[in-house]
Amino acid sequence: MADSAQAQKLVYLVTGGCGFLGEHVVRMLLQREPRLGELRVFDLHLGPWLEELKTGPVRVTAIQGDVTQAHEVAAAVAGAHVVIHTAGLVDVFGRASPKTIHEVNVQGTRNVIEACVQTGTRFLVYTSSMEVVGPNTKGHPFYRGNEDTPYEAVHRHPYPCSKALAEWLVLEANGRKVCGGLPLVTCALRPTGIYGEGHQIMRDFYRQGLRLGGRLFRAIPASVEHGRVYVGNVAWMHVLAARELERRAALMGGQVYFCYDGSPYKSYEDFNMEFLGPCGLRLVGARPLVPYWLLVFLAALNVLLQWLLRPLLLYAPLLNPYTLAVANTTFTVSTDKAQRHFGYEPLFSWEDSRTRTILWVQATGGSAQ
Ligand SMILES: NC(=O)c1ccc[n+]([C@@H]2O[C@H](COP(=O)([O-])OP(=O)(O)OC[C@H]3O[C@@H](n4cnc5c(N)ncnc54)[C@H](O)[C@@H]3O)[C@@H](O)[C@H]2O)c1
Ligand SMILES: C[C@@H](CO)CCC[C@@H](C)[C@H]1CC[C@H]2[C@@H]3[C@H](O)C=C4C[C@@H](O)CC[C@]4(C)[C@H]3CC[C@]12C
C-alpha cells in the first residue's frame with residue numbers, strides 16, 4: 001500500500017471466503033472498499049454465488065484451495081496487499097478429528113503467515129474467536145469484559161485450543177520482515193457467537209422448533225448471558241481493520257480486538273427467540289425444564305454414543321459437555337477498543353441486524369438452501 005498512490009488499486013485475499021462469515025466479508029469488501037482492485041476468494045468449497053460477483057467492476061478471482069497445502073496458499077497470496085484469513089474448521093460437535101482441526105486451524109494459519117513472509121504481503125487480519133479467552137473449563141463467568149479483563153483461559157477442547165494457538169502465531173508474526181524487507185503487520189479479531197444471514201445453527205433450531213409443533217424448550221437459565229454479534233458488523237470490522245492496518249500499524253500491529261455491536265445481552269436461547277419468535281416459535285418455560293444434572297448426563301451420554309457409533313455413522317448432536325458448558329457460562333464483552341484504535345462503529349443497528357436475520361430465517365428456514 002504505497003503512500004504515493006491514493007488511487008492505487010489493492011489486491012485482497014479472503015481465505016474461507018465462501019463460509020458464513022467469509023461471504024459477508026467478500027460482499028462487504030465489494031461494497032465498502034473503494035481501493036479494491038482485485039478480490040481473491042480462496043476456499044476449499046467455492047459457492048455458486050461467486051459467479052454473479054464476477055460481472056462487477058472489481059476483478060473477482062475464485063480460487064479453490066486448501067489452507068493446509070502451503071504451495072496452494074503461497075500461490076494465492078502472491079501479489080496480494082492484504083490477507084483476511086477467516087478459513088477455519090469450526091467444529092465443537094466432534095465431527096472432525098482433533099488432528100484435522102489442528103491441521104486446518106493451526107497449520108493452515110502458519111501457511112498463511114509463511115506465504116505472506118515469502119511473497120511480501122504486509123497486512124494480515126486473522127479471524128480469531130472469543131473462545132481463545134473462554135468460557136474456560138471451570139465455568140468462570142466473563143461478564144461484559146474487555147480485551148484487558150483478567151481471565152483464566154484454560155482450553156482442552158481441540159477447537160478453542162487450535163484458535164488460541166493460531167491467534168498466538170498471528171500476533172507473534174507481527175513485525176517479521178517480509179520479502180522486500182518491510183515488516184508484517186497483523187491483528188486478530190475475536191467474534192463472540194456470530195448470528196445473521198447464513199447462520200446454520202439458527203436455522204437448525206428453527207427447523208427443530210417447527211418439528212416440535214412451534215415450540216422450543218428452555219434448557220439454560222435466562223440469567224446466563226451469551227455474547228452475540230451480527231455477521232454484517234463482524235464483516236465490517238474486518239474490512240475496516242484491514243483498511244487501517246497500514247496507517248495505524250504502530251497502534252494496531254499485534255493487537256487483539258473483540259468484535260462487538262449493539263446486540264443485547266441475553267441467554268443463548270432468549271437471544272435466538274428474538275428471531276425465531278417472529279418466525280412463529282415459542283420458548284416454553286420461564287426456567288429450564290430439565291434439571292442441569294440431567295443435561296450433564298445427556299451430554300455425557302452423547303459423547304459415549306458418538307464413540308460407540310463412530311464405526312457405523314457420525315453421531316454429532318448439538319449437546320455435548322463442551323457446548324453445554326459454553327451455553328451455560330456467562331461470556332459477554334463490553335469494549336470500545338476497536339473504536340479507539342481504528343474508528344470502528346457498527347454499520348448495522350440492532351434493529352437492522354434483527355430484521356435482516358428474521359427475513360433470512362423466514363426465507364430459508366423451511367427450505368433446503
Ligand atoms: N460462527 C461463529 O460464531 C464464529 C465465532 C467466532 C469466530 N469464528 C471464526 O470465524 C471463521 C469463519 O467461521 P464461520 O462461522 O464462517 O465458519 P464456516 O464453516 O461457515 O466458514 C469457514 C470456511 O472455511 C473454509 N475452509 C475450511 N477448511 C478449509 C481449508 N482446509 N482450506 C480452505 N478453506 C477451508 C470452509 O469451506 C468455509 O467456507 C472461523 O475461523 C471461525 O473460527 C466463528
Ligand atoms: C444446550 C442447548 C440447549 O438449547 C444449547 C446448545 C447450544 C450450543 C450448540 C451453542 C451455544 C453457544 C454456541 C457457540 C458460541 O456461540 C460461540 C462459538 C464460537 C465460535 O468460534 C464457534 C462457534 C461457537 C463455539 C458456538 C457453537 C454452538 C454453541 C456451543
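These legends describe close-up views of a predicted model.

**View 1. Helix α13 from end to end.** Helix α13 covers residues 350-364, which makes 15 residues. From the first C-alpha to the last, α13 reaches 21 Å, close to the 21 Å expected at 1.5 Å a residue.

View 2. Trp350, Ser353, Thr357, Ile358, Trp360, Val361 and Thr364 are the buried residues of α13. Seen down the helix axis, these buried residues fall within an arc of 160°, so they line one face of α13. The face turned away from the buried side carries the exposed residues Glu351, Leu359 and Ala363.

**View 3. What covers the buried residues of α13.** The cover includes two strands, β8 (193-195) and β10 (228-230). It also includes the helices α6 (200-211), α7 (231-244) and α9 (268-276).

View 4. The side chain of Tyr159 has an N or O atom 2.5 Å from an oxygen atom of ligand 2. For the side chain of His226, the corresponding distance to an oxygen atom of the ligand is 2.7 Å. For the side chain of Ser129, it is 2.8 Å. Ligand 2 taken alone exposes 630 Å², and the protein buries 89% of that.

**View 5. The shell around ligand 2.** Ligand 2 is surrounded by 18 residues, and the closest are Ser129, Glu131, Tyr159, His226 and Glu269. Helix α11 gives the most, with 3 residues.

How values were computed
Residues are numbered from 1 along each chain as its sequence is written. Chains are lettered from A and ligands numbered from 1 in the order in which they are written. This is a predicted model: local features need pLDDT of at least 70, side-chain atom pairs count only at pLDDT 80 or more; totals for chains, interfaces and linings use all residues. Side-chain values use heavy atoms; hydrogens and water are left out. Helices (H or I, at least four residues) and strands (E, at least two) are DSSP runs, numbered from the N terminus. The expected span of a helix is 1.5 Å times one less than its number of residues. Buried means under 20% relative accessible area, exposed over 50%, partly exposed in between (1.4 Å probe, protein chains only). The arc is that of the directions from the helix axis to the C-beta atoms. Contact means heavy atoms within 4.5 Å. A residue is near a molecule or strand if one of its heavy atoms lies within 4 Å of it. A polar contact is a pair of N or O atoms within 3.5 Å; within protein, one must be able to donate a hydrogen and the other to accept it, and residues adjacent in sequence count only if both atoms are side-chain atoms. Accessible areas come from the Shrake-Rupley method with a 1.4 Å probe; for residues, only the protein chains shown count as cover.
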